[in-house]
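I hope they are handy to have beside you as you look through it.

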Amino acid sequence: MLTSENQAFQKAVEEILASCLSCDATLKEIGETTPADRIHEIKGIIGISGAICGTAALSITRDFAYKATGALLGETPTELNSDVVDAVGEIVNMIAGRARVLLGNEATNMSLPSVILGQCEIAFGSENHGTCLRFETPWGPVSMELVLKQQSNSPIPNVTPVAILA
């Protein structure tokens, strides 16, 4: 389903990868998150709260992460290291920040990004089903998993529980 949130994240992924990494991304499909989406071994995750509440997770291959790190830092690593982790965290941070601007909701807050290394499933709780935006790039596949809800006017924010299942 192409909601305004999905559209904002689609545009944000395409813009950030093109402008910051010189890597064109083309949306391939949108659907529910499936076990096939767990094949990417590096995930950058960021929490979102405020008028929109939830989690966004960028999933990429190790090769994509190396090339992205090289595009950001000028030197392409050959192994997973702190530069790669920092680069992936910064990329998901830039994507979420751009999506927030595109949604026109400056009152929305973002957590610090986290990076998970290794194949895993992100479980968002029994009442939350993720949407996955799948992209093709010259560096390999990229997916953006989203679990986002419009927040009510309640003074107590809803929280989207997240568990990482290895």
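1. Lys 67 pairs with Asp 63 in a salt bridge whose closest N and O atoms are 3.1 Å apart; the term stands for a side-chain nitrogen of Lys or Arg within 4 Å of a carboxyl oxygen of Asp or Glu. The two residues sit 4 residues apart in helix H2, which means about one helical turn separates them. Lys 67 is partly exposed at 31% relative accessible area, and Asp 63 is partly exposed at 38%. For these classes, buried is under 20% relative accessible area, exposed is over 50%, and partly exposed lies in between (1.4 Å probe, protein chains only).

2. A word on the source: this is a predicted model, in which local features need pLDDT of at least 70 and side-chain atom pairs count only at pLDDT 80 or more, while totals for chains, interfaces and linings use all residues. Residues are numbered from 1 along each chain as its sequence is written, and side-chain values use heavy atoms, with hydrogens and water left out.

3. The protein chain has 3 helices and 9 strands, arranged along the sequence as α-β-β-β-α-α-β-β-β-β-β-β. Helices (H or I, at least four residues) and strands (E, at least two) are DSSP runs, numbered from the N terminus. Of the 166 residues, 43% are buried. Among contacts (heavy atoms within 4.5 Å) with a separation of 6 or more, 72% are between residues 24 or more positions apart.

4. How many salt bridges does the structure hold? There are 6 salt bridges. One of them joins Glu 15 and Arg 98, with the closest N and O atoms 2.5 Å apart. Glu 15 belongs to helix H1 and Arg 98 to helix H3, so this pair ties together parts that are 83 residues apart in sequence. Both ends are partly exposed, Glu 15 at 24% relative accessibility and Arg 98 at 27%.

5. Glu 29 and Arg 134 also form a salt bridge, with 3.7 Å between the closest N and O atoms. Glu 29 is in strand S1 and Arg 134 in strand S7 (residues 131-136), so the pair ties together parts 105 residues apart in sequence. Glu 29 is partly exposed, with a relative accessible area of 38%, whereas Arg 134 counts as buried at 13%.

6. Ile 95 is worth a look in helix H3. Is Ile 95 buried or exposed? Ile 95 is buried, with a relative accessible area of 0%. Beyond its neighbours within four places in sequence, Ile 95 is in contact with Phe 9, Ala 12, Val 13, Ile 16, Leu 58 and Met 144.

7. Most residues other than glycine have a negative phi. Ser 22 is in the loop between helix H1 (4-21) and strand S1 (26-32), and is exposed, with a relative accessible area of 66%.

8. Last, Glu 75 lies in the loop between helix H2 (62-73) and helix H3 (82-103). Glu 75 is exposed, with a relative accessible area of 63%.
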